[in-house]
Structure formats: C-alpha cells, structure tokens
Amino acid sequence: MNLHEQLNWRYATKKMNGTAVPQDKVDYIIEAARLAPTSSGLQPFRIVEISNAELKEKIQPIAFSQSQIVDASHLLVFAAFDEYTTERVDKVFAQQEAERGLPAGASNEYKGMLMQNFAAQSKEDHFNHAARQAYIGFGMAIAAAAELQVDATPMEGFVNAQLDEILGLGEKGLKSVTILALGYRDEANDWLVNLKKVRTDKSEFVIEHK
C-alpha cells in the first residue's frame, strides 16, 4: 500500500484486542518521531514508552477510563519541554556542531538570536511552542504505525497534571502533551472499525492562490 492507502486504512481505534506489538515495530514508530523536523532542530520533546501493565492500569482512571489505555500493547506519551533554557539550547547546538564537524561556537550568532526571542516570551509560551513541535513527531509516529499496520489511537483525553505526577515528568522539566496508544484492533467489539472514514472534501479543504 502507498501512504494514502495506509492512512485510509488507519482510524482512531476504540477497542484493542490486547495483542502485543513486536518491539522492533514500536522502535520503528518511535524512530519516525525522533527523525521528525522541529524548529531550529531543537527537538524539545521526549517520548515515554510504557508497556508495564500495572502502570497502564494506574493511568486509566485519569484518562476517563478509556479501554485503550489498558488494552493497548504500548502507550507512547509525548512530553514537551516546560521551557527553553540556555543549557538545553546550548546542548542542541553543541551536538550539531560536533556531529557536523563545525568549530565550537560556530552557531553562536544564530543561537544568541534564538535565545533573545525566547527571553521575550513567557514560560507558558515556551511550552506551547515545544508542544507544537511534539505534535509534528506525533503525526510522524501515526503515519509510521499505519505503514506497519499497527493500530494507533491519538489520545488527548487525560488529566495532564496527574499524568505528569505519575510519570515524574516535572523532575525532568517535561509536561505531557498527548498519548499514542499502539496495538491491534478488536474487530468484533469496536463500533468504529467498519464505519466510513469521513474527511472534509478537498475542494473545501484546500484554499488555492494560483
């Protein structure tokens, strides 16, 4: 199948059958998110991979008791930086310079401009920007899962602050953004599985200026 066929195949699975997704497929999906483009290459988000059954059971009540939380093979929690600090930005550019064979400090002018912009913003602005970058990786992960025919359910229905506490994200300078539940559809018990995919018509979706 090509990408469009794979995306037509996928849907937001409402009931999963509990079958484990092979680890190499989970790794492939995560790698797609890691390779996603981000603003200035900052990659201001991390992925928490969860397969532990007890931890999933602990998360379910704060996710409106949705069954996918416990029926999924894996949960991928996308968590964004709570702010852009000098230390974090320095680390990104130091790695870029080292791996590209550039002199140390070659990016200082651009980095300085970037930090000046961040300095004029609030901590909330920083997180909102970082969360938007996380969503780019999130979309890539969904597409990669469709490529492998692994069902993936995007989930925003959870109490972020409580999930952050359960996972200790605050200690890492992170805040949860969204969850991607990975598994395989339970075709006999999922009300959505056979319903037509409905999207806005292209004539309305695309606004052309030619």
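Analyst: Let's start with an aromatic cluster made up of F45, F78, Y135 and F138. This is a predicted model, in which local features need pLDDT of at least 70 and side-chain atom pairs pLDDT 80 or more, while totals for chains, interfaces and linings use all residues. Numbering starts from 1 along each chain as its sequence is written, and side-chain values use heavy atoms, with hydrogens and water left out.

User: Why is the pair of F78 and F138 called edge-to-face?

Analyst: Phe, Tyr and Trp rings (six-membered ring for Trp) pair when their centres lie within 6.5 Å; planes under 30 degrees apart are stacked, over 60 edge-to-face, and the rest tilted. The centres of F78 and F138 are 5.1 Å apart and their planes meet at 80°, so the pair is edge-to-face. The whole structure holds 5 aromatic pairs.

User: How do you know whether F78 and F138 are buried or exposed?

Analyst: With a 1.4 Å probe and protein chains only, buried means under 20% relative accessible area, exposed over 50%, and partly exposed in between. F78 has 0% and F138 has 6%, so F78 is buried and F138 is buried too. Buried residues make up 42% of the 210 residues in the chain.

User: What makes the span of α7 agree with expectation?

Analyst: The expected span is 1.5 Å times one less than the number of residues. For the 26 residues of α7 that gives 38 Å, and the end C-alpha atoms are 38 Å apart, so the two agree. Just after α7 comes Q149, with a positive phi of about 55°.

User: Where else is phi positive in a residue other than glycine?

Analyst: F64 has a positive phi of about 55°, and S65 has a phi near 55°. F64 sits in the loop between α3 (53–59) and α4 (68–71), and S65 lies in that loop between α3 and α4 as well. For context, most residues other than glycine have a negative phi. F64 has a relative accessible area of 61%, so F64 is exposed; S65, with 52%, is also exposed.

User: What makes R88 count as lying over the face of F81?

Analyst: A charge sits over a ring if NZ of Lys or CZ of Arg is within 6 Å of the ring centre and within 35 degrees of the ring normal. R88 lies 4.2 Å from the ring centre of F81. Another case is R185, whose charged end is 4.2 Å from the centre of the ring of W9.

User: How many cavities does the search find, and which residues line the largest?

Analyst: On a 1 Å grid over the protein atoms alone, a cavity is where a 1.4 Å probe fits but cannot get out, a pocket is an open set with protein on both sides within 12 Å along at least five of seven lines, and lining residues have an atom within 4 Å of a point. R88 and F81 line the largest cavity, along with L42, P44, Y84, V89 and V92. Helix α5 (residues 86–99) gives the largest share, 3 residues. By class the lining has 6 nonpolar, no polar and 1 charged.

User: What about the largest pocket: which residues lie nearest its centre?

Analyst: G41, L42, Q43, R46 and Q95 do, among 25 lining residues. The largest pocket holds about 770 Å³ of space. Helix α5 gives the most to its lining, 7 residues, while α2 (23–34) and β1 (45–50) are among the elements that each supply at least two.

Conventions
Helices (H or I, at least four residues) and strands (E, at least two) are DSSP runs, numbered from the N terminus. Ala, Val, Leu, Ile, Met, Phe, Trp, Tyr, Cys and Pro count as nonpolar, Asp, Glu, Lys and Arg as charged, and the others, Gly among them, as polar. Grid points are joined across faces, edges and corners, and a volume is the space filled by probe spheres set on the points.
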